[in-house]
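Q: Can you walk me through this one? I have the sequence and the coordinates open.

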2 protein chains.
Amino acid sequence: MNAEEFARRQKEISIAEFFEKNKHILGYSNPAKSLITCVKEAVDNSLDACEDAGILPDVFVKITKTDKNFRIVIEDNGPGIVREQIPKVFGKLLYGSRFHSIRQSRGQQGIGVSGAVLYAQLTTGKPAVITSKTDPKDKAIKVELFIDTRKNEPEIISEERIEWFRPRGTRIELEIAGAYVKERKQSVLEYLTETAVVNPHAKITFIDPDGEIFEFNRISEDIPEIPKEIPPHPHGIELGKLMWMLKTTESPTLLSFLKTEFVRVGDKKASEVIRISGLRPETKPSSLSRDEISRLLDAFNQTDFLPPPTDCLSPIGEKYIMKSLINRFSVEWAFAVTRKPKVFSGNPFLVEVGIGYGGELKADERVKLLRFANKIPLLYSQGGCALTKAVESINWKNYGLTQSRNELPIGPAVILIHLASTNIPYTSESKEAVATIPEIYEEIRLGLQEVGRRLKEHISRKERFKKKKGKEELLNKLLPLLAKKVSEVLERDEIDVGRVVSRIMGNIHVEREIKEENGLLEVEVRVFNFTKAKREMRIYEICAGEVVSSDNAKVSPSGNHTSLLWQIQLPPGKGEVLRYSIRGRVINRRPFVEGVEKEILSGAEVMDLALE
Amino acid sequence: MNAEEFARRQKEISIAEFFEKNKHILGYSNPAKSLITCVKEAVDNSLDACEDAGILPDVFVKITKTDKNFRIVIEDNGPGIVREQIPKVFGKLLYGSRFHSIRQSRGQQGIGVSGAVLYAQLTTGKPAVITSKTDPKDKAIKVELFIDTRKNEPEIISEERIEWFRPRGTRIELEIAGAYVKERKQSVLEYLTETAVVNPHAKITFIDPDGEIFEFNRISEDIPEIPKEIPPHPHGIELGKLMWMLKTTESPTLLSFLKTEFVRVGDKKASEVIRISGLRPETKPSSLSRDEISRLLDAFNQTDFLPPPTDCLSPIGEKYIMKSLINRFSVEWAFAVTRKPKVFSGNPFLVEVGIGYGGELKADERVKLLRFANKIPLLYSQGGCALTKAVESINWKNYGLTQSRNELPIGPAVILIHLASTNIPYTSESKEAVATIPEIYEEIRLGLQEVGRRLKEHISRKERFKKKKGKEELLNKLLPLLAKKVSEVLERDEIDVGRVVSRIMGNIHVEREIKEENGLLEVEVRVFNFTKAKREMRIYEICAGEVVSSDNAKVSPSGNHTSLLWQIQLPPGKGEVLRYSIRGRVINRRPFVEGVEKEILSGAEVMDLALE
């Protein structure tokens, strides 16, 4: 072949043709994974649409086996999609609303769900069926469509108005070649379970091919704040991007350009940048030469800016991360940290890291790693993901786990990492793994070190308390025998040794005494601080019936019962007596105490409201 | 936000914008990797162009440090690119000649080198400079260009005709942000080294930023056969693709469609498919309904076809794989297998697996794994690659290596895997790892098992020979003493114990005796077969001077010396005497023998021409 022959063979390829040939890049590399990917793309879209519209999501997923294939239906109560947009949203790749907007969302590429449509038509030759309704007063619109892959344009097969019970929402129905796997780390059920964990405001209903129904109910009625769209941040922006912004801006001067087109750049910072760059504030942005723009970029990097605002990001939150680790893995201890936002290539991001320890987790296995990006669980490509590499890079021996160099540590622990960003740098369009961007990698490492230090404290404390416990148990065995002997000899009433043990052990000691007279219960709760420090705590009692007196307590009736709360401060060596009287009964076996570790609390139960 | 607001935000994204934002997907995720990726894309293109034009490639790579960045130049002696195509080839993504053609090539997506141009302009704002010449009689054309990312179209900055010393060829010059690393597994040098290994016909010259020159000379003057373009194979084609083919074909009947648009489908097979499908041969292809097409597809899968022809693929070859393992790692033993082509989703592919053992490789480290796809070394994402997963999935304990379950084995071995296909299913556009396609994965496993069995044989033989060696050494110590004693007692000449040891050990034994008279050397080479089997072998002698007589030998003069070759067959227990006489000298210390393992050869050197 010579150059002319080559030239004749050159042609343009449409993005749809490209992915038709390379469908594995979108996650369609084997039947089981393909089915998960289809569900994932549609559910991610539903959650995004609901969140942006301020609606508590109610997502319905159904998979049924057809003759040789699978039919999947995903339906939501979101805002719906207007008629004109349906064909392009589902029938054109690289089409969407989120690509240019700098704020956190699950979808960002405009490829996902149209990729699923492409996969369906390629494997079964069946069109996608979309039903959508945007106004409760209207009928729904139902469209059957293919993608014309040569043009990357939708091809509508049929279109009709139908009655639909939902006031608003979107439904997609696909028939695909696939395989359904149950009970595996990589499955539709696992994807939905993990999705529910980090989307506590979502209700998800799933009917599997056997007709089994799984319901994930929302555990929070708070709609997450809609992440705000922001302009780019001056740190990390690249020269080419900056050149293009300067060329296309509507700002008349460099000063106004800097102030309007970047976040965290006010009058002062803009002037500072201009001064450092040696340029003039009134220069027309489009007139800058390549060298001048390069100087401007250098000036950005020499200037301190506030980190980008957090409101373009939507973290899961430390509380929910700890809660989900405790609920799902029954760990004995959990800790989580939501780190401050940082920037890479102009994109704000933040890292959340949670760790759970003990409980039912096995001590001789690799730690479990849960990876999330913008609240999407990442089930595949664990090995190739920056989140995993960051975990492997940490020396976990420092934090009480065993580890071979550069591998996942071994121990009864689960690690959760969530990367939230206006632009998640996935290694491919299938959104399975995060690329190893130095800034992100470092930030995850810092988060891991932070939770690691807390893990080490926990493990050390546990060991310390284990020793203490041994001593306490010994005292609890010996002292009653001793006390009995002494009381026999002295012919006095037996003393309660509990308080003595607590004093020796340096505990917070709680006693409750109830006296009844004519159906009136007089309750005394005595709290002693035998530790060496001043202690603040909250004491709760839960009663049924009428509270007659309540001595400084905050009394809160709630349904069938009433709670009493005392907030007290005890200097070391001091005690306090809390009294109340009721007509009814005390419900809790022992008083609840908040603010004291269970290992130094005796005679009461620990209550940790932070995790309720 | 409601549905109308959403609708207003929806827009189309160009593929260039997409990759501008997601440049890490193309391999530009950190400075060091970005530099390697740029070099790789340009070199791959050069090698492809030369091969397609039937030219022995001569590729020149130079990296220089500029003020803050790197300038890279890649130049080849290929066919050049005609003026009209230059802007699109380098300035438009998803543009190329190889996407629709079913044959093996390095480039397949039409993204690679334009991605490098995009990365350059994004990080340094500098245009790509392309120089190309297609006709020795013309001047070269030099074009400076950017990519207009919003349109995914080239934007030409300047264009001129210049003198260029090359008769034909292409040169690309880019200025990029990057980092140059030396002496690391992931480096430009490593990429070029491995490229040279599997492209023995290519000459590559590399000048690094320190000015150090690395030359990889071609070790083969054979231009690899140009892989032939073929129609799709009926096995593995997907419904959607088949529908589109039927819709757009120019064949008037189903019968002619099957015969002309598929490989390995002749009259007989086409009729068989039509019979099984229950369709009629004269049906117009475009008139088939979805159900009928589905039946046609089923009929494909129920019919046996010959595997696709191999001439669309270009394997490295078992000989070159073994040779490169031996040269590069100085292993004591190597084996390689080129497996028969198979098909996935209609794409022919073949797998080559090589293994080297011992020598300088460390016994307590993980085996080295070299991955190649269409003769491109894969340096990144080892963990996420089907090639790696296949190695990890094998139980290497069966083959003499140690291994933790599902990990790379440990031992003094190197494994080379080459996947050749008309369509490599890379996990992403950066072409770092291969997706886990079941057919490919299985085929690699079979290849690994094949070399694994040979490895086991080698290790067992080695152990056996080790024992034998011990025995032989003992005999070699004892027998001379014994022989001396016996000859003293019997007052006879001492016997040569070598032949006795060989007889006891069951070796092939070679002796050479040289007598000189008046400057004429009379040489006798005596060969004895003490093994239990009939043996065929070739005996070589290398001499300088004039060969006077040569007793059945094939005499080949070559420069300053002459080689003599005897091909002999020896039944067990027999011997043969080879005689020659020369005026000059014998060069080789001991005779060379080909066809006998070194462990059972005594008195001569093993020569293995298969690996020369």
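What follows is a short exchange about this model.

Q: What am I looking at, and how is it numbered?
A: This is a predicted model, in which local features need pLDDT of at least 70 and side-chain atom pairs count only at pLDDT 80 or more, while totals for chains, interfaces and linings use all residues. Residues are numbered from 1 along each chain as its sequence is written, chains are lettered from A and ligands numbered from 1 in the order in which they are written, and side-chain values use heavy atoms, with hydrogens and water left out.

Q: How many helices and strands are in chain A?
A: Chain A has 14 helices and 25 strands. Helices (H or I, at least four residues) and strands (E, at least two) are DSSP runs, numbered from the N terminus.

Q: And the box its C-alpha atoms fill?
A: Roughly 115 × 70 × 55 Å along the principal axes for chain A.

Q: What share of chain A is buried?
A: Of the 612 residues in chain A, 56% are buried. Buried means under 20% relative accessible area, exposed over 50%, and partly exposed in between (1.4 Å probe, protein chains only).

Q: How is chain B related to chain A?
A: Chain B superposes on chain A by a rotation of 180° with 0.1 Å of shift along the axis, at an RMSD of 0.2 Å. The two copies are thus related as by a two-fold rotation axis. Both copies use the same surface, since 100% of the contact residues of chain B recur in chain A.

Q: Switching topic: which strands does β17 of chain A pair with?
A: One partner is β18(A): residues 508–517 and 520–529 of chain A pair in the antiparallel sense over ten bridges. There, A:Lys515 has A:Glu522 as its bridge partner. Two strands pair if DSSP finds at least two bridges between them.

Q: What happens at the turn between β17(A) and β18(A)?
A: Two residues lie between the strands of that hairpin, and A:Asn518 takes a positive phi near 50°.

Q: Where is A:Leu94, and what is its phi?
A: A:Leu94 lies in the loop between α4 (86–91) and β4 (95–96) of chain A. Its phi is positive, about 60°, although A:Leu94 is not a glycine. A:Leu94 is buried, with 2% relative accessible area.

Q: What about A:Asn374?
A: A:Asn374 sits in the loop between β14 (368–373) and β15 (376–377) of chain A. Phi of A:Asn374 is near 45°, positive in a residue other than glycine. At 2% relative accessibility, A:Asn374 counts as buried.

Q: Last one, what does B:Ile417 touch?
A: Among its contacts are B:Glu352, B:Leu369, B:Phe372, B:Val391 and B:Leu448, not counting residues up to four places away in sequence. B:Ile417 is in strand β16 (residues 413–421) of chain B, and B:Ile417 is buried at 0% relative accessible area.

How values were computed. Least-squares fit on C-alpha atoms with pLDDT ≥ 70 in both. Contact = heavy atoms within 4.5 Å.
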